[in-house]
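Please look over the sequence and the model shown here.

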Amino acid sequence: MRIFVYGSLRRKQGNSHWMTNAQWLGDHSVEHYQLYSLGHYPGAVPGDGNVQGEVYRIDAATLSELDALRTAGGEYKRQLIQTPYGSAWMYVYQRSVEGRTFIPTGNWLDREQY
């Protein structure tokens, strides 16, 4: 199975250690989403724009660990998207982004600019 990550799970980011057993497939940009800073990590929500990230091949154990990390408390919901590498899971933020910093480039690595 595959997963699209766009924030702290990306290479050289704070939670990239969760991806140790994953195989990087390539970069990808998902259309019709907007990216917001939630502090130390981002949230992608449906909207006009795109979100940049990376696609990985992962095993069921890694997906289960990521679900525990991301979906606890209903903060994110896992959604299936299409990528050049095949369908992949993406964690979509479920709470309000009102008052949060919008990242217009859709790239979490650009967050210091906003």
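Predicted model: local features only at pLDDT ≥ 70, side-chain atom pairs only at ≥ 80, totals over all residues.

## Cavity

The structure holds 1 cavity of 30 Å³ or more. The volume of the largest cavity is about 90 Å³. Its lining is made up of Phe4, Val5, Tyr6, Gly7, Ser8, Leu9, Pro42, Arg70, Tyr76 and Tyr91. Sorted by class, the lining has 7 nonpolar, 2 polar and 1 charged residues.

## Salt-bridge network

There are 5 salt bridges in the structure. A network of salt bridges links Arg10, Arg11, Asp27 and Glu54.

Within this group, arginine 10 pairs with glutamate 54 in a salt bridge whose closest N and O atoms are 3.6 Å apart. Arginine 10 sits in the loop between strand E1 (2–5) and strand E2 (23–37), while glutamate 54 belongs to strand E3 (residues 42–57), 44 residues apart, and the pair links distant parts of the chain. Both residues, arginine 10 and glutamate 54, are buried.

Aspartate 27 and arginine 11 also form a salt bridge, at 3.5 Å from N to O. Aspartate 27 is partly exposed at 47% relative accessibility, and arginine 11 is partly exposed at 41%.

## Helix-to-strand salt bridge

Arginine 78 and aspartate 67 form a salt bridge, with the closest N and O atoms 2.8 Å apart. The pair joins strand E4 (residues 76–83), which holds arginine 78, to helix H1 (residues 60–70), which holds aspartate 67; the two residues are 11 residues apart.

Arginine 78 counts as partly exposed, with 25% relative accessibility. Aspartate 67 has a relative accessible area of 18% and is therefore buried, the cut-off being under 20%.

How values were computed
Residues numbered from 1 in each chain as written. Heavy atoms only, no water. 1 Å grid on protein atoms, 1.4 Å probe; cavity = no way out; pocket = protein on both sides within 12 Å on 5 of 7 lines; lining within 4 Å. Points joined across faces, edges and corners; volume = space filled by probe spheres on them. Nonpolar A, V, L, I, M, F, W, Y, C, P; charged D, E, K, R; others polar. Salt bridge = Lys/Arg side-chain N within 4 Å of Asp/Glu carboxyl O. Helix = DSSP H or I, 4+ residues; strand = E, 2+ residues; numbered from the N terminus. Buried < 20%, exposed > 50% of the residue type's maximum accessible area, 1.4 Å probe, protein only.
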